[in-house]
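Dear colleague,

I am handing over the structure we spoke about, and it is shown just below. Please look through it before reading on.

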Amino acid sequence: MNLTAYWQGMYLMTLYIHFRRIIEVSKDTNFASLVAGILVESGTPGGNNFKGFSPELKFPEAEFAPYQNKNFEWNPSGSGIMWKAYNFPVFLLSENSTLALLEAATKNEKSKKSYTSDVAEFGLVMQTTKSGTHDSESCLREETCLPLGGYSVWSALPPINTSTSQKSKPIILAVTSMDSASFFRDKSLGADSPISGLIALLAAVDALSHLNGLHLSKQLVFVVFTGEAWGFLGSRRFLLELDQHSDAVSGLDFTLIETVLEIGSVGKSFDQGVKKFFVHTTEAASISNQTLDALKRAQDSLKTENVKISVASKSNPGIPPSSLMMFLRKNPDSSGIVLEDFDTAFTNKFYHSHLDNLSNINASAIAAASSLVARSLYILASEKNEINDSVLTAISVNSSFIDELLGCLLDCEPGLSCDLVNQYISPSAACPSHYVGVIQGEPSSSPYPGYVGDVSRFLWNFLADKTSVPTENRSATCPKHCSGTGELCIRGETDGKGVCVISSTRHIIHLLHSSSIRRIGKDSWALNRKKMHSIRYVPAYSTRLKFESDMWKLLPTNSSDIMGAADPVWTESNWDTITLRVYSVQHASYDRLILLLGISVTVAAYIAIVITRSVIRKALKRD
């Protein structure tokens, strides 16, 4: 559709006022019919009256909660407007566009009697709108949309050897997520929720990787889910893959998971010099208490860092919105904790908002959380008699590394063009966005590289590097020299060579340089991928979808699958690049005036010609 909106100064309002009224505007059908589109200024609203903005619900994804109280307000700032349907598009402007349109609006306001006005025109084509397919089932059938999804990543420390008959160890599962949501698709940074938790886990993995001669009695497994903001796509699919014993989770067994330690929002725990964290626990008391004891011992070892851990209030109905909910849905006796920077309500006043950016978090809080996680994981995975204070002190988180990750994952400068990311991959764009995106092609543990997001590829390379063990081929180029058991190639995108390591990280794609990927195309990749190592992703998409005969099909709901029944199956329409242009037009009244003057001049000229001809004829007759 081609939407044209006449831009008047009166329609320009602050972000806070605008979002308070957007639902009222949509409900007023007479006024809404006159609205072709809404433009929102960039920037953070100022003033003391702006206490927060969250377009999410007050209980995000309540339908997946493993308890009855679905009215609890975890997110008091939530308005729920991102889940409403609107008959007009809403665009967030860039800073430059904001200045240009403010100038145009001001000009219109000052020159109300002028014969021209500046107008804004949107160019937006949504195939689902064009074809009349207004729900996921119909648009998937007509192939005018794609399912939301992506690829989660998991890795183990030390690497899991699936070829041995040795008895598997109990698993300590450390999880977090990489995706966020927002009212605006491409502005889903999620600095506090969930990227602060992601950075804390990456820094913890980095700290543990520097321990020499790491011997653990239990298996550490790190999982970074994607799609969690859209019905917990990543964790639900991960659990289904475990049930099916698929290649994507080879070496893992759900029955061996002893406990889950999830790192949630930890970027706002800094309060008057003290880093306060809250532990939300499941009802599996014995194992959860062991995890809590490990966290408290880790806290005691951080004596000089003013870190305080508290158990969340018993008045809470259960754990907050988190991936751990899905584990409890699968097995109510699952043991686990969620580490957060809040007790009974989110401290993040911009949850799932484009305003949850770098200015909304504190690097020292993330560093403290990372230290807690790293030391707690070591305590949980080690024999009790092997743990001493000197070893815990040696597990030191690199604060400079955290600062670098903040710049890479939450800012456009340097963004994904930072040195750290460029050590591992060649990103497709500099500015990061943590929107889950859509899953393209057939979901696989070895997908076509062009279908994988930058952040997932970076995480795979990073985790493969940090959780790897030395190999004789470490200095060799790959993939042809990575022929040993468990060997894989990392950093292959950056120089086309890469290095061989032994790791359990599940992923693929780094065996080719990015230019080579573009050169061979997806068809050649499909033919040649079997020649490469069996390194896999974990696909993240709705458990109610099946890819068959080169198209997506929606499976009927299963009454025994509570989570599947709650799954709305999110899809995104196929669409082209959004365009916006501003230009001047003349008022219709002025056009009518010009037409009237033109007609008048024409009539006057005709009369003058007639009179002149008559005069000339009379003059000639007299002669």
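What follows is a description of the disulfides and of one annotated region.

This is a predicted model, in which local features need pLDDT of at least 70 and side-chain atom pairs count only at pLDDT 80 or more, while totals for chains, interfaces and linings use all residues. Residues are numbered from 1 along each chain as its sequence is written, and side-chain values use heavy atoms, with hydrogens and water left out.

The structure holds three disulfides, a disulfide being counted here as a pair of cysteine sulfur atoms within 2.5 Å. One of them joins Cys 139 to Cys 145, with an S to S distance of 1.9 Å, and with 80 degrees about the S-S bond this link is right-handed. Cys 139 is buried at a relative accessible area of 2%, and Cys 145 is buried as well, at 4%; the word buried stands for under 20% relative accessible area, exposed for over 50%, and partly exposed for what lies in between, using a 1.4 Å probe and protein chains only.

Another disulfide joins Cys 408 to Cys 418, again with S to S 1.9 Å. The pair links distant parts of the chain, ten residues apart, with Cys 408 in helix α12 (residues 399-410) and Cys 418 in the loop between α12 and α13 (419-422); helices (H or I, at least four residues) and strands (E, at least two) are DSSP runs, numbered from the N terminus. The link of Cys 408 and Cys 418 is right-handed, with 115 degrees about the S-S bond. Cys 408 is buried, its relative accessible area being 1%, and Cys 418 is buried at 5%.

The remaining disulfide is formed by Cys 412 and Cys 431, whose sulfur atoms are 1.9 Å apart. Cys 412 lies in the loop between α12 and α13 and Cys 431 in the loop between α13 and α14 (454-466), so the pair ties together parts that are 19 residues apart in sequence. This link of Cys 412 and Cys 431 is right-handed, with 130 degrees about the S-S bond. Cys 412 is partly exposed, with a relative accessible area of 32%, and Cys 431 also counts as partly exposed, at 44% relative accessibility.

Lastly, an unreviewed UniProt entry lists residues 593-616 as "transmembrane region"; UniProt positions are given in the numbering used here, feature names are shortened, and annotations may be inferred rather than shown by experiment. In the model, the span of residues 593-616 is 100% helix and 0% strand, and its end C-alpha atoms lie 34 Å apart.
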